[in-house]
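Thanks for coming. I'll take one model today and go through how its parts touch each other.

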Amino acid sequence: MYKQLIDNLFTLGAQKGFEAQEIYMLKSKNVEISVYDGEIDKYNLSEDGGVSYRGIVGGKMGYAYTEILDASQLQMLVDEAFGNASVIESEDKVFLHDGTGEYAALDNFNPSLSLVPMKEKIDFMLALEAKVKAFDPRIKNITHNSYDEVETYRWIKNTKGLDVEDRVNYCLAYAMPVATDGEDTRTGIGYAISNDFYELSVDKIAEESAKDALQMLGAKSLKSKKCPVVIKNETFTQLFSAYMGLFSAERVQKNLSSMAGKLETVIASEVLTLIDDPHLHKALASSRFDAEGVATAKKAIIEKGVLKTFLHNLKTAAKDGVDSTGNASKGSYKGTIGIAASNLIIQPGNQTFDALLEDIEDGVYVTSLQGLHAGIDPISGDFSLQCSGFSIKSGKLDFPVSKITVAGNFFEMLKQIEAFADDFKFSIFSSDYMGSASCKIGGLTISGE
Amino acid sequence: MLSKPVIKEVLAAAMSTGGDFAEVFVEDRFNNSIEMVKGKVERSLSGRDFGIGIRIFQGHNSVYTYTCEKEPQHLVEVAKKAAAALSGIPKGMGIDFAMESRTPSHQVKIMPGSVSKMRKVELMKLGSSAAMSYDAAIQQVVVNYLDYTQNVLIANTEGRFVEDQRTRTRYIVNAVAQDGERMQNGNIGKGSGKGFELYDEIDVSWIGKEAARMATTMLHAKSSPSGKFPVVLDNKFGGVIFHEACGHGLEATSVAKGNSVFAGKLGQKVASEVVSAVDDGTVPNEWGSANYDDEGTPTQRNVLIENGILKGYMIDKLNSIRMEMAITGSSRRQSYKYAPTSRMTNTYILNGTHKFEDMIASIEYGLYAKYLGGGSVNTTTGEFNFAVQEAYLIENGKITAPVKGATLIGTGLEVLNQIEMVSDNFDSGEGMCGSVSGSIPAGLGQPALKVSEITVGGREEA
């Protein structure tokens, strides 16, 4: 439907003087349902999209975008991109991909998801609310709950021969209950994600979210100390992914990552292996091409503690004299090309969670971290974060703890990882779609009373 | 942007299934951003956002939908589809739009969009070279510049029909100091609701130098001590403490359903009596100001806390129905992609009478937090955190060695009661605040203040 429009755009661009041009189009459909006290509280239904245009002129790349997809915007796109290219001073070589390469066969679109009647989705949320509230008399309220359904279509086409598109969808349901016991108030969360509505389970989310809140009742602060720390599987991915920028070749080349010069050297404990796998079935960040249209591939970033590769796009790869790793990214049509991981997997260990705690005399099990956007410094590696969880005494979980912080340095922490349990789980809370098992770290600082 | 007859038709379609209230929000916004790395422009991006959001209320319930297409027929279809989520008998509706003629109080002298990209680049070079030449340890400098102009039209079935224009500009320098493998960054910025005339009033070289000074100072700073002790939070962005510890908990978003530690506490003492705080969307050309909020209500100055007593909440239209309280002109949203809700505009702790020097002198062992970073809060439990970017030890009444890597945590009610001294050097700062209705520019500010005891999440024993 937009083919003619894009052809016209490329004609205008060529007249303006662009040697090569590309469009990156996104269209998405969203459904959001929340309930409150047995009624629909919020119901959002939307379709939106936009197109990013970029072109090369005089060896510089200019970008512009619009959310109005009609003929009235074509001249604006071309003129703005030209003006933006004209102020670029960086002498880095810029590229548009020609579409060559081996593209994997992937199918992460479930056409039947949007066909499930809305009534079933609403009933699911009403049932979830009722189930959470009935789980325990101490569950008094639900602060947030939602059923979200997202379908995204992506199309990249350029004047060098690239023409790729894909469509993905998923649905997510979550509940955040409040548990109250006297003056003591705690919150929890439980969720499920899939691209098959019938895989979501009311019972599972209700139980997980209610237990998450209830288990924290009676939490106390701790005296400040340095001690062994175990970080819960999903929580560890949040901390780790906040530092993923360190592995971007762009940040390395710009001297914004202290991973510079460390390829093929030991940067972490030998129990740590980190894999970027864009081809996982039913994973949120799977795709057969990246934001530049380059074919994606699976690779180890860290293997048994040794740094194996940085993540590259076409520009950074050319600068380092290597091939792109297929990790070009674009936040949305509003962004320029950057670098990001796809699905990240930290390889689990083979002992149970209980065994992981066994030899800890006095430690802390961290189940939740707050303020990750502020309390971590990707340059120095320092972090200090509000957290909650459980005290570990004589190899077992003891009482719940809160009003404490956990602090350390990411680079030092990587080397102090002692073991992973076997409870591997993907998390939707981390900035990348990342999975890990619970992780035991030799020593971090806990601050409290 | 859209004509009155078209809007009437859309509102009528939205009300066709028995809604009590409907609203149309039209947004047309142009964005510019430039990034400079080590003195050279690396990225330059511009683009146009356009879309229309339609909201319908029925009782306490709401339906929201948005689209990027403005053809009248399409809009009516979208409104009908949204209305289909409700079921009821349409009420008679006669809308009489009264065009508001409020004199805009946030005049912009030079529209940033009219300034050439080259002029912006020159400005970025000033900050970049000032940072680069500050110290030999400075190895990298990234300067980000951005501006936007957002035009909105808000109309509803109560007859409101307003147009507003919001202009914002922001300038940020990030300097990185390095010594062997050790790296440290320093980050200073300025944001404003003024036009490009802002840059005639501020010195961007100072911003560059200050970022470089922070990076070099913190490069060799030792780790912050950990434990509970007195802290002095400096002015400007220090206001993040009130924003997190209290502000979010006073938004109707969490108060209306009782999910805030401040719910049901109006008229009660919630803070030490030296604390008075306001949320004020009318401050001329401030980062969080506007003529109208995103529901078309004129912005106003809302007293939140007066001498420690809780005086008011921030309330949007939908929550005002549930709470049976008046709206406060502070309903906001990132864009047409979000339904608006109660949010902070510019949130300030007001000047007190103490002197900064006396606060420092009163502390035997504690922390002086000069620059603060962002934070977050769980409004249900009141537990909050925020990061410290540049801090110093206070020993025997004097500011001594720099320390790094501290995060401060506490609970809202506790910390508000532990504010022991409030000084007289009020100044404001700017941040981006993320919550249910998206990421919005939020002003914050305070005079320096002393908290008698707060948990400092450092790495060293005190």
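Predicted model: local features only at pLDDT ≥ 70, side-chain atom pairs only at ≥ 80, totals over all residues.

As for where the bounds lie, domain 1 of chain B is made of 112-150 + 165-219, and domain 2 of chain B covers 225-461. Their C-alpha centres are 25 Å apart.

Now chain B as a whole. The chain contains 10 helices and 24 strands. The C-alpha trace of chain B spans about 75 × 55 × 35 Å along its principal axes. Of the 462 residues in chain B, 60% are buried. If we take the contacts in chain B with a separation of 6 or more, 75% of them are between residues 24 or more positions apart.

One helix of chain B is worth a look. Which residues of helix 1 (residues 4-14) of chain B are buried? They are Ile7(B), Val10(B), Leu11(B), Ala13(B) and Ala14(B). Looking down the axis of helix 1 of chain B, the buried residues fall within an arc of 160°, so they line one face of the helix. As a reminder, an α-helix has 3.6 residues a turn, so residues three or four places apart point the same way. The cover over the buried residues of helix 1 of chain B includes strand 1 (21-37), strand 2, helix 2 (72-83) and strand 5 (138-156), again of chain B.

Next, the contact between the chains. Here 58 residues of chain A are in contact with 63 residues of chain B. Several elements of chain A give two or more residues to its side, among them helix 2 (74-86), strand 4 (139-158) and strand 17 (396-409). Which element of chain A gives the largest share of that side? Strand 2 of chain A does, with 11 residues. Sorted by class, the side of chain A that touches chain B has 16 nonpolar, 28 polar and 14 charged residues.

Strands also pair across this contact. Strand 3 of chain A and strand 2 (residues 40-58) of chain B run parallel and are joined by four bridges. To find the place on screen, look for Ala64(A), which stands opposite Ser46(B) in strand 2 of chain B.

Last, chain A on its own. Its domain assignment gives domain 1 (3-86), domain 2 (118-148 + 164-214) and domain 3 (225-241 + 348-447). The centres of domain 2 and domain 3 of chain A, taken over C-alpha atoms, are separated by 25 Å.

Chain A also has an open sheet of six strands with mixed pairing, in the order 11-10-9-14-20-19. At its edges are strand 11 (306-307) and strand 19 (425-427) of chain A, each pairing on one side only. How do strand 10 (residues 299-303) and strand 11 of chain A pair, parallel or antiparallel? They are antiparallel, over two bridges. In strand 11 of chain A, Val306(A) is the bridge partner of Glu303(A).

That's what I have; questions are welcome.

How values were computed: Residues numbered from 1 in each chain as written. Chains lettered and ligands numbered in written order. Contact = placed C-beta atoms within 7 Å. Nonpolar A, V, L, I, M, F, W, Y, C, P; charged D, E, K, R; others polar. Pairing = 2+ DSSP bridges. Domains from an automatic or database assignment. Buried ≥ 20, exposed ≤ 12 C-beta atoms within 10 Å, placed from the backbone. Arc of directions from axis to C-beta.
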